[in-house]
Amino acid sequence: MPNVIPSTHPLVAHKLTRLRDVNTEPKKFRELIREIATLLAYEATADLLLIPKPVQTPLMQTEGMELKEKIGLVPILRAGLGMVEGIWNLMPSAEVWHIGLYRDERTLKPVEYYNKLPVEPTVSVCLVLDPMLATGGSAVATIDVLKRWGVAKIKFVGILGAPEGIALMEQHHPEVPIHLAAIDQRLNERGYILPGLGDAGDRQFGTG
Ligand code: PRP
Ligand code: URA
């Protein structure tokens, strides 16, 4: 799986275990989603391009750097929302563009219900945010939208990925890196990731 990057960071592994725990209540669950997303985004942005920028310190002028690329955060509603805040604190000038998709419970296919992207792309790098890469349908559909929009560089930042979803991504978008906290075993008959963490949207928003 050449383009899948599971985190090896001990903090991610520790926090993921608490996230999976059925006894973790929504407030703590949201906090863990926020923290894990921030750690994964730190790893996912390690290759962002820089341009030189001179800076005046209190003592002298020196050469500094600033980000060259304009970053877009693209949470997939609803569950991706909880991944925005921590990452946005790291890169406050990022734009946030929401994509609304839900998974039809019967077919497991994504259904688009919200997309307000302007005609011309306003960012050059997009981080697609969704905690769960299950069948992969939602991630593939979102990346289809971003490619049609004209975004040059796209990365997927999730928390758990199933082999089925990773395979679908590799079939449709093999060049898109997939940053995850962990790769899980498989999907169950209802398309849930095993061992997983349950329904990421319901657990964040207390709707389960
Ligand atoms: C969940 C999850 C992903 C999708 C993953 O969303 O947040 O968006 O399912 O499944 P897939 O890889 O098989 O497409 P859901 O449709 O439950 O909507 P929600 O976030 O509004 O709860
Ligand atoms: N969506 C979720 O929230 N959890 C899963 O396990 C699969 C899809």
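Two strands count as paired if DSSP finds at least two bridges between them. The legends below describe close-up views of a predicted model.

**View 1. Antiparallel pairing of strand 6 with strand 7.** Strand 6 covers residues 99–103 and strand 7 covers residues 110–115. The two are joined by 5 bridges in the antiparallel sense. Arginine 103, which belongs to the residue range of strand 6, stands opposite proline 110 in strand 7.

**View 2. The hairpin of strand 6 and strand 7.** Between the strands lie 6 residues. Leucine 108 in this hairpin has a positive phi, near 65°.

**View 3. Residues around ligand 2.** Arg103, Met132 and Ala134 are among the residues that surround the ligand. Gly191, Tyr192 and Ile193 also belong to this shell, as do Gly198, Asp199 and Ala200. By class, the shell divides into 5 nonpolar, 2 polar and 2 charged residues.

**View 4. Contacts of ligand 2 with polar backbone atoms.** An oxygen atom of ligand 2 lies 2.8 Å from a polar backbone atom of isoleucine 193. For alanine 200, the distance from a polar backbone atom to an oxygen atom of ligand 2 is 2.8 Å. At glycine 198, the ligand atom is a nitrogen, 2.8 Å from a polar backbone atom. Ligand 2 taken alone exposes 240 Å², of which the protein buries 88%.

**View 5. The pocket of ligand 2.** The space that ligand 2 takes is the largest pocket.

Notes: Residues are numbered from 1 along each chain as its sequence is written. Chains are lettered from A and ligands numbered from 1 in the order in which they are written. This is a predicted model: local features need pLDDT of at least 70, side-chain atom pairs count only at pLDDT 80 or more; totals for chains, interfaces and linings use all residues. Side-chain values use heavy atoms; hydrogens and water are left out. Helices (H or I, at least four residues) and strands (E, at least two) are DSSP runs, numbered from the N terminus. A residue is near a molecule or strand if one of its heavy atoms lies within 4 Å of it. A polar contact is a pair of N or O atoms within 3.5 Å; within protein, one must be able to donate a hydrogen and the other to accept it, and residues adjacent in sequence count only if both atoms are side-chain atoms. Accessible areas come from the Shrake-Rupley method with a 1.4 Å probe; for residues, only the protein chains shown count as cover. On a 1 Å grid over the protein atoms alone, a cavity is a set of points where a 1.4 Å probe fits but cannot get out, and a pocket is an open set with protein on both sides within 12 Å along at least five of seven lines; lining residues have an atom within 4 Å of a point. A molecule sits in a cavity or pocket if more than half of its atoms lie within 2 Å of its grid points. Ala, Val, Leu, Ile, Met, Phe, Trp, Tyr, Cys and Pro count as nonpolar, Asp, Glu, Lys and Arg as charged, and the others, Gly among them, as polar.
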